[in-house]
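Here are my notes on this model, as numbered points. Please read them with the structure open.

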Amino acid sequence: MALEVTVKTAGDVPIPDHSFEAERNQYHSTKILKELVRGAPPDSLKVLGVIEKDLCIPILTFVYGEAQLNGIGALVSLARLRQEFYGAQPDDDIFRERLHKEALHELGHTFGLIHCSLVECLMYLSNTILDVDRKGRAFCRHCQRALNSKIEPGRVSKWTGR
Amino acid sequence: MDRKVNILVVDDEEIVRDSLSSWLIDDGYEVAAAENGTKALEIFPSREWDLCLVDLKMPGIDGIQLMEEFKRQVPDQLVIIMTAFATVDTAVKAMKEGAYDYMVKPFNPEDLSITIRKIIEHQKLVRENIFLRKELKKQYRLHDMISKNHKILEIFDLVRTVAKSNSTVLIQGESGTGKELLARAIHEESLRREAPFISVSCASLTETLLESELFGYEKGAFTGADSLKRGKLELAQDGTLFLDEIGDISLKLQMDLLRVLEQKEFRRVGGSGLITITSRILAATNRDLKKAIEEGKFRNDLFYRLNVISIHLPPLRERKEDVPLLVEHFIDRFNIEMDKKVEGVSDGAMRVLMEHDWPGNARELRNVIERAMVVAKDTRISEADISLPASRKEGTNGKSLGDIEKDHILRILVENRWNIIRSAQVLGIDRVTLYNKIKKYELKKEVGA
Ligand SMILES: [Zn+2]
Ligand SMILES: [Zn+2]
């Protein structure tokens, strides 16, 4: 386990209407992240949102997820992690593997980690799905050490977006 | 990295400043942001900036003025102009006035990463004093090809490296992506540049014609062969032979060609003497050869013989950032050819060009610009001067089934360069039906297409 914390699964959180970017048919991840954090239980150390919709930020055509650096909120989109998005047959194992990596990557940001230059590290910046698949399932030693120094006993709430 | 990379972001939109800054911070850069030119000029002297990302359109001091002021203070300052699709033409001008690059919002995450990595490498080289700005700009060109797309720039690098070898190169890409231009570039970059570049279009010839075209024939080889004719293989001796549309040749000819490539020798039709091949072979196709192999239409062994070095040219719709560069390039060229003084295109016209899907790729763009320059009454090409077939992006709302069929058929015809046999195959109808549809919808081949 890369993160040793208590995890609680919370209920569905509605996606805020104003986060929809009609022109791009995508959702503004920063806006959703804000709502997610606002609604998080007061005792949560971190909150991870998982959303089916494709996410973007104004300056980028898409993002796999977004997190608050040194904050509590992290958000991951499932849309581009599925094989179907690339016209391939659905594959649950691949999908879970990707989600595992991107969820921990975003959570890593909430613990103050920035991108790592090692391709095999979870904190490597993924710009393409190939980057996601190429990286390993764990933080590199350097990032893990940085993470350990930040983790205190607490809870991580896991919420599911609709 | 000895020190952190400093980036200054200037944009009047808060949302852009915030999202760009946090993205850059996550990536480990030191970032400052300013909401307008005045604020930016206050911050500017406080640090040495590795890069300034400046929005083109801002109230007050605009992006270009700001860039000029930065450069007055720090002549080598690297500036990237950020722009929306609509103002991309101005951004190209900005590059002429010294911007390192321009980027169209929203950025593709990969492009942003690569651009910044390139800049850091560039900075390192500048510090080591072995790089000149001039050379950097030149990298966007390779002979008659021009691009700022990272995939194409990688291809340019590859071409510069492999040109000096004698390896066979297989160039794949849709019609109009510049396969022949790339082949010529390989020839021009090679040591064979003084020797001939000979091009053969395999699709346009029947099996027997192609055979005599490639290998030549002896006098009396067949009825009508009243004098010796040297084939393209022979004419290309010491130079480069470019076999275009290689995916269209018959299985028999594929076998002959394979034998010739393996033995490096051939005979003229009806001849007995063996001629040794000294030319380099380049081949190209717009077909999916892997699929053709599966279907038994293309020989696996020939594929591997040709595919020693493989280059795939991406379609123009996947490198739209090149549209403004290409537009400028074609305008410059047609200004000379037509003796005109067209200066550029209007914002509205650029928007239309950026939004089009370009099924015919750069060749289609060239034809559109050529026609626009013929009809343009002004020194700027306007939206009205640009004529494009209905774009896929317009969607299918309110269109009749006939309209959709017409658009689709036209698209397939353009993609296959009006090759009726091939288009009919793709459409899954017979040739007669295709001819009837062409007549019914009054589809016309565009001049030069
Ligand atoms: Zn990240
Ligand atoms: Zn790491």
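The points below cover the basis of the values, the chain A–chain B interface, and a sheet in chain B.

1. Basis. This is a predicted model, where local features need pLDDT of at least 70, side-chain atom pairs count only at pLDDT 80 or more, and totals for chains, interfaces and linings use all residues. Residues are numbered from 1 along each chain as its sequence is written, chains are lettered from A and ligands numbered from 1 in the order written, and side-chain values use heavy atoms, without hydrogens and water.

2. Interface size. Chain A brings 16 residues to the contact and chain B brings 18 (heavy atoms within 4.5 Å). About 1500 Å² is buried between them, 68% of it from carbon and sulfur atoms (accessible area, 1.4 Å probe, lost on being put together, summed over both parts). Ile59(A), Leu60(A) and Asn127(A) supply 39% of the area that chain A buries against chain B, more than any other three residues.

3. Polar terms. The side of chain A that touches chain B has eight nonpolar, six polar and two charged residues (Gly counts as polar).

4. Sheet in chain B. Five strands form an open sheet, ordered S2-S1-S3-S4-S5, with parallel pairing (strands are DSSP E runs of at least two residues; a pair needs at least two bridges). Strands S2 (30–34) and S5 (101–104) of chain B are the edges. The twist averages 20° from one strand to the next (lines fitted to C-alpha atoms, angles from 0 to 180 degrees between N-to-C directions).

5. Four bridges join S4 (residues 79–83) of chain B to S5(B). Ile80(B) stands opposite Asp101(B).

Note on methods. Buried area is the accessible area (1.4 Å probe) that two parts lose on being put together, summed over both.
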